[in-house]
Amino acid sequence: MALVAKAEPYEFAFDARTTALVIIDMQRDFVDPGGFGEALGNDVSLLRKAIPPTRRVLAACRQARLPIIHTREGHRPDLSDLPPAKKTRGRLKAGIGDKGPMGRILVRGEYGHDIIDELKPAPGEPVIDKPGKGAFYATDLDAILKSRGVRQLVVCGVTTEVCVNTTVREANDRGYDCLVLEDCVGSYFPEFQQAGLAMIKAQGGIFGWVGRSKDFIAALGRKERR
Ligand code: TIU
């Protein structure tokens, strides 16, 4: 029996047995003061606003026993999976693989690459290490979701127009329905936050749905009361 969450362009109907929570790249390098993102001149408070509602969604999904997946963007320490184009883009003084404020930037195993303490994965929750912006590219995410019978994704994380949008587009092409929680995603650019969400729900939900954490949590709560 479907649960229903208020969303745009229309309500998101989902089955708790086939829905997973996916939290994208809530890594210190992007989100924490003193990390790579801030070193690039970005205002991380725009991303940090997403932490409290995402914590509430994570707690509700754990209680409802939904599969929970975390992702991290980053590369092998030898950088063998880092395309030269990605390495040189931006002409940064300190870029991916270089020494940054929290260890080597976006390198697996480094402190800055890991997920923030507030949203620490629990034992048994898969963490997908991805070399690209999309969580499906060059990862086993699709296999993990398919093996659990997942067909719908509830998406949180950063950044809205980069890794969240890329992942939602990849998921859409693979046949998943995605609900993006607008208060649980963040961008360094307010105009991209707005446009990134508008693009998902335009044209009748061309890539998916956009909703709010409280409405999704309320819908999940209706499962608990059944
Ligand atoms: N996770 C993610 O979005 N990676 C980025 O590089 N985002 C930027 O907005 N730069």
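Contact here means heavy atoms within 4.5 Å. By that rule, and leaving out residues up to four places away in sequence, Gly103 touches Asp98 and Glu110. The model is predicted, so to speak of a local feature takes a pLDDT of at least 70 and side-chain atom pairs count only at pLDDT 80 or more, while totals for chains, interfaces and linings use all residues. Residues are numbered from 1 along each chain as its sequence is written, and side-chain values use heavy atoms, with hydrogens and water left out.

Gly103 itself sits in strand S7 (residues 103-104). Helices (DSSP runs of H or I, at least four residues) and strands (runs of E, at least two) are numbered from the N terminus. Counting along the sequence, Gly103 and His113 are 10 residues apart, and their C-alpha atoms are 8.2 Å apart in space.

Now for the sheet. It is an open one, built from 7 strands in the order S2-S11-S10-S9-S4-S5-S8, with mixed pairing; two strands pair if DSSP finds at least two bridges between them. Strand S2 (7-8) and strand S8 (127-130) each have a single partner strand, so one side of each is left without a neighbour in the sheet. On the S8 side, S5 (residues 68-73) pairs with S8 in the parallel sense over 4 bridges. Arg72 stands opposite Asp129 in S8.

Two helices go with this sheet. Helix H7 (residues 160-173) lies across S4 (19-24), S5, S8, S9 (152-158) and S10 (177-186), and runs at about 165 degrees to S9. Helix H8 (residues 190-205) packs on the sheet too, touching S2, S10 and S11 (209-211), and its direction makes about 165 degrees with that of S10. Axes are lines fitted to C-alpha atoms, for helices over the stretch in contact, and angles run from 0 to 180 degrees between N-to-C directions.

How do the two helices sit against each other? Two packed helices are described by the angle between their axes and the distance between the axes. The axes of H7 and H8 come within 10 Å and cross at roughly 10 degrees. On the H7 side the contact is made by Thr160, Glu161, Asn165 and Arg169, and on the H8 side by Phe192, Gln193, Gly196, Leu197, Met199 and Ile200.

Next comes the ligand. Around the ligand are Asp25, Phe30, Glu73, Lys133, Val158, Thr159, Val162 and Cys163, each with a heavy atom within 4 Å of it. A nitrogen atom of the ligand is 2.9 Å from an N or O atom in the side chain of Glu73, and a backbone N or O atom of Val158 lies 3.1 Å from a nitrogen atom of the ligand. For Cys163, a polar backbone atom is 3.2 Å from an oxygen atom of the ligand. On its own the ligand has 280 Å² of accessible area, and the protein covers 83% of that; such areas come from the Shrake-Rupley method with a 1.4 Å probe.

The peptide bond from Val158 to Thr159 is cis, with omega near -15 degrees, and Thr159 is in the loop between S9 and H7. The bond from Glu8 to Pro9 is cis as well, with omega near 5 degrees.

Notes. A polar contact is a pair of N or O atoms within 3.5 Å; within protein, one must be able to donate a hydrogen and the other to accept it, and residues adjacent in sequence count only if both atoms are side-chain atoms.
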